[in-house]
Amino acid sequence: MPHSHHSHSGQFCRHAKDSLEEVIQEAIRKGFEVFGLSEHAPRWRVEDLFPEEADLLPSDLLSTYLSFLNLAQSLRRKYEDQISLLISLETDYITPLDLSHLTEILHEHEEIDYIVGSVHHVNGISIDFDKKTWKRSIQACLLGIEGRTMNPGPPPFLELSDNPSSASSPSNSPSDSEKTENDDGDHIPNTADLIPFLENYFDAQYDLINHHKPEIIGHFDLCLLWIPNFKIKDIPCVWERVERNIKKVVEYGGLFEANSAAIRKGWKGSYPSEDVLKLILSLSGKICLSDDSHGVSYVGLNYIKMKNYLVEQGVKEIWYLVPVAKRQDGDEDVGDRRRIVSRRLENWVEHPFWSHLEKIQ
């Protein structure tokens, strides 16, 4: 579809590539009509940095995001005749600091059109950096402790254990009682061990949803990144949380992104997974599209595969965001900030974007 609500560039994100302008130019070349620029919100503690950021301080992340806002506004004006660029940020929720500081940023910067509401950490530990760190998050949830992604050092380095002094202790390893294996042969925790982690993930997501009412919910079930075939529908205490969160977003008119990045990470379809997507649709949730691009080569990547997946799952219409100044009859309000509205696109699979994308890829 000619929309993406979630993107990054190497200019402002160290695990991405290419400049922001190069990403925009590629979106234009591929026929996108709406493209959301959603660099990561700052993180506020040294222990929340990543290895590629070991030479930075949290204050540097804030300066980087403010520089992004300035450039994004300039590029929006430069390319306004070729594409509708929306300015955003992708959140996280690691500690309450993230909620309160985001409130301050949104209050001070009205140029931010919308929020991509994402959760990338559980109990203080990143869940999408790598599988070992994801497992540490699961163990922290089992133990009822708060961990961290980075040891603040100096110099900062990737934490290897939630209790570094006993890193070799069996108590710091996932339970061996009922392990299964994923496709690459690595052991994953059993269902009982996963439950606290999944509960905490969806509870954190609910806190973010309730506090900020993000206009876009980013990769709703990122918690399943390393276990794409896991059926959370079979766990009532988790599935109740999923349904609660979806209902809350539907209540204020938020959109759920179908995120094609899952396909390049080994999923057969985009986020959300099949059971979650079907529940969203059954509860009248609105689906929008995102590529979660991290550079030029990722713009629109796997969009045709995502289209096929969504068609198979019965997605009849998609929605996209429009500046409130361009509101038309039939557009609907989203959240409380009222800087954008959502617009329905029916017969979306017939749009010429798809044939254009097939020709140039």
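Predicted model: local features only at pLDDT ≥ 70, side-chain atom pairs only at ≥ 80, totals over all residues.
## Helices α4 and α5

Helix α4 spans residues 131–143, and helix α5 spans residues 191–212. Their axes come within 8 Å. The crossing angle is roughly 95 degrees. Angles of 65 to 115 degrees count as roughly perpendicular, so α4 and α5 are roughly perpendicular to each other.

Which residues of α4 and α5 meet? On the α4 side they are W134, S137, I138, C141 and L142. On the α5 side they are D193, L194, P196, F197 and N200. By class, this contact has seven nonpolar residues, two polar residues and one charged residue.

Strand β8 covers 150–151 and strand β9 covers 157–158. The loop between them holds P154. P155 is in that loop too.

Both prolines take part in cis peptide bonds. Another joins P154 and P155, with omega of about -15 degrees.

K213 has phi near 45 degrees, a positive value in a residue other than glycine. Where is K213 placed? K213 lies in the loop between α5 and β12, a strand at 216–217.

N347 also has a positive phi, near 50 degrees, and is likewise not a glycine. The loop that holds N347 runs between β18 (340–346) and α10 (353–360). Is N347 buried or exposed? Its relative accessibility is 59%. The cut-off for exposed is over 50%, so N347 counts as exposed.

## Cysteines without disulfides

How many disulfides does the structure hold? The count is zero. A disulfide needs two cysteine sulfur atoms within 2.5 Å.

Take C223. The closest cysteine sulfur to that of C223 is in C141, 11 Å away, so the pair is too far apart for a bond. C141 is also one of the α4 residues that meet α5. C223 itself has a relative accessible area of 0%, so C223 is buried.

Now take C288. The closest cysteine sulfur to that of C288 is in C223, at 18 Å. That is too far for a bond. C288 is buried, with a relative accessible area of 0%.

Methods: Residues numbered from 1 in each chain as written. Heavy atoms only, no water. Axes fitted to C-alpha atoms, helices over the stretch in contact; angles between N-to-C directions. Helix = DSSP H or I, 4+ residues; strand = E, 2+ residues; numbered from the N terminus. Parallel < 35°, antiparallel > 145°, perpendicular 65-115°, else oblique. Contact = heavy atoms within 4.5 Å. Nonpolar A, V, L, I, M, F, W, Y, C, P; charged D, E, K, R; others polar. Buried < 20%, exposed > 50% of the residue type's maximum accessible area, 1.4 Å probe, protein only.
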